[in-house]
Amino acid sequence: MFIADIRKDFYEVVANQRVVLLVAPDIDALCACKILQALFHCDQIQYTLVPVTGWQDLGTAFLEHKEQFRYFVLINCGANVDLLEMLQPDDDSIFFICDTHRPVDVVNVYNDTQIKLLIKQDDDLGVPSYDDIFRDEDEEGEDSGNESDEGSEPSGKRRRFDEGAVERRIERQRAKREWEARRREILFDYEQYEYHGTSAAMMFFELAWVLTKDTKDMLWWAIIGLTDQWVHDKITNMKYVTDIATMQRHVSRHNHRNEDEENSLSIDCMRISFEYDLRLTLYQHWSLYESICNSCYTSCSFKLWTLNGQKKLQEFLADMGLPLKQVRQKFNSMDMSIKENLRDVIEESSNKYGMKDIRIQTFGVHFGFKNRFLASDMVHATAALLESAEKDDSETDTFIKALDALSRSNIDRLHSGIELAKKKLIAIQQTVASCICTNLILSQGPFLYCYLMEGTPDVKLFSKPMALTLLCKYLLKAFSLCSFAHGVLDVEKGTVIVVGIPPESETSDKKNFFGRAFEKAAESTSSRTLHDHFDTSIIELKTEDRSKFLDALITLLS
Amino acid sequence: GGLCLHRENEAKSEGRAELIPSIKLRHCCLLRNQRCVTAYLYDRLLRIRALRWEYGSVLPANVRFHMCAEELQWFSQYKKSLASFMRSLGGDEGLDITQDMKPPKSLYIEVRCLKDHGEFEIDDGTVILLKKNSQHFLPRWKCELLIRQGVLEHVVS
C-alpha cells in the first residue's frame, strides 16, 4: 500500500526499532541512503546497512537477517516485483520500499499489511483498479454451493431448476473468462513498459524536511540523486525541470537562512547555488578541449569520430576566439579573461552549430577555496567508483568506496573518482568511434545491435550495467535511429550482458519495453538467462544461446 | 657482587692475583647479561599488562601460547587486582575503566565491518550478522572491543 504520511507511517514506526537497509547499486540509492543514515544518526535509530547488487543478493540478505530484524527498508529495489512471493517472509516482517522502478507490481500496491510503499501517489502511476485484477474467491463458492442446494431439491422440480442452473453456470463461466481476458490485457498494458519515478533521494529529503531536520548536506545529496536520474537518462526532460524547480525552492530557503549583510558565512561553509551551466562533462576538472571531445552531447553533434567533425570542432573554437593552447590547458589554469564569459560565449556559438541545449539547469556546491563541484561531476565520479573494475574489489567494496565519496570529508576519494570518470568517458568515446568506424553496429530489423568481443579494450569496464548503458546511449545518439540492444562478453563466466534501450528522441517518455521483451524471448527459446539486475532491461545470457535469443527478440519486436 | 668478592679474596689468598682482572671482567659480563634478561622480562610484563587493556580479561589462545606459566599467573593476579580496584570505584556498582579509553563523542556510532565475523550479540539479546562491508549503527560500548580487534572500523562522516 502507498504510505500517506511518511512521518507517521514510516519514521515514527521505525523510531524505536532496529532496521535493515537494503540498498541497490545506483547513485540515487546511495544518496537516499546517506540522507536516511543522517536522519537515523540524529534520532539514534539502530540500523544495519547491506548493499545488494541484484535479486539474488536481496534474497540472501533477507534470509540472513529475517530472524533478527522485523523492519526492512528497500532503496531502489523491490517495487516492480511481487516481493512477498519472492521472499516468502513471515507475517510480521514489514517492508518499506522506496524505489524509482515503475510500474509498481500490483500485489505490492494492494497488500495492506506487509508492504509499505514510500512512493508519491500522484507520480503518474496508472495502477489498475482493484476490481479489475482481483476477484473475491466467494463467487466461486457460490457456484458450488448453489449446485449442492439445487441437488437436494425434489425430483419434480429438478429438471427445470437444472436447466436454469446450467444456464446460469455457463453464464458465470463466460463472464469469468471475459473478466480474466480483460485482466490479462490490463496487466499487459500496465506492465509492458519499464520507466522511473521520482528520485528516492528526493523522497527521503522530503521526509527530512517534514521532520525539520534537513541540512545542506542532505539537500546536496538529494540534488545529486536527481542529477543521477538525468545523467543516466532515467527521467524525461520535463520531469527533470520540474524536480529542479522543487529543489531550487529548497536551495533558496537554505541560502536565505544563513546569510545576510552582517553575518556572512565563512568560506569553508557549504554553499549550494543554482547554475545554468554547460553540458560539458567534468569540464571544470579537466581541460575544456577534452571535455568537449568526450561529452556525449558535443561529440555526437560534431561527429567527432570523423575527420570532418574534427575540423568543425576547430572552427567552433576559432569562432569563439579561444586559442587552442588555452583550451587544452587544465580548466583552472585558463586565463581569467576567457573564463569570465565562457558560458555565454559557448552558448552563442553552439547555437550556430546546431547545439541548442548546450546549457542545462543544475546546481553546484562550493566549500573551501578549492572545492567546487557541479552535481553532474559528483554523479560521474561516484558512478565511476561504484563500477570500477579493480581486480581485488568485490562489488560491496566499490559500493562502500562510492558511498564514502559522497561525504564532504572524503575529498580525496572524490578526486580519485573524477579521474576514474575521465578514463571511463575516454574509453566510451573510443569504443563508440571504433564501433561506428568498423561498422560493428548491425541492423536487426526492429532494432540496432552491437556486440563487443572479448579483446576489445576496456571491455571489463563495460561489463558493468551503468557504464554499458551509457555506452549504449552514446552509440544510439551517434546513430540517432531506432531502438538499440547491446551485448558485452564476460569471458570468465561465459556469459553475455545484454542491455536494451528505447529509441532516442527529444520528447521520448523514457519508457523501456525491453524488459518484457527479454523475458518473453528467453522463455520462448529456453535460453539460459539471469535476470538478476533490478533494471529489467539488463540481463545476462549464456554465450551459446546468444543467436537464438536474438532471433526470438527480432521476431517478437517486428 | 658477593661471589666476585669471594673469588677475589680466594685469588689473593692463594697468591694468584693475576686472575683478579679476569674475574672482574667475567663478573661484569654476567651482571650485564642479567640486566638484559631482566629488562626483557620486564618489558614482557608491561606488554602483558597492556594486553588486559587491549583484549579484555580473556586472552586469545595464540597469545596465551607465547606466555609461560608464571606470566599467566601474573596476568591473572593483575586481572584480579584491577577488578577489585574497579569495584571499589563509583559506589556500589563499580566502574569499568577499560571502556571509553578516549572521550566518546556520541552514544551510538557507525561502524563498518572489515571482515566476516559471523554473529554478534548485543545487550538486549538480539544478534547482528557481521558480514564484510556491511555497516551498522550501534551503541558505542558494544563496538569498542571489536574496533580494537580490527573487526569493525569506526566510520566518521
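Contact, in this presentation, means heavy atoms within 4.5 Å. By that rule, 22 residues of chain A are in contact with 20 residues of chain B. The model is a predicted one, in which local features need pLDDT of at least 70, side-chain atom pairs count only at pLDDT 80 or more, and totals for chains, interfaces and linings use all residues. Residues are numbered from 1 along each chain as its sequence is written, chains are lettered from A in the order in which they are written, and side-chain values use heavy atoms, with hydrogens and water left out.

Let me turn to the area. Chain A and chain B bury about 1,800 Å² between them, 48% of it on carbon and sulfur atoms; buried area is the accessible area (1.4 Å probe) that two parts lose on being put together, summed over both.

Next, the salt bridges. The rule, a side-chain nitrogen of Lys or Arg within 4 Å of a carboxyl oxygen of Asp or Glu, finds 3 salt bridges across this interface. One of them joins the side chains of A:Asp397 and B:Lys132, at 3.9 Å from N to O.

Which elements of chain A supply at least two residues each to the side that touches chain B? They are helix H2 (27-43), strand E2 (47-51), helix H3 (55-65) and helix H19 (395-405), where helices (H or I, at least four residues) and strands (E, at least two) are DSSP runs, numbered from the N terminus. H19(A) gives the most, with 5 residues.

Finally, E2(A) pairs with strand E4 (residues 135-139) of chain B in the antiparallel sense over 3 bridges; pairing requires at least two bridges found by DSSP. Within E4(B), B:Gln135 is the bridge partner of A:Leu49.
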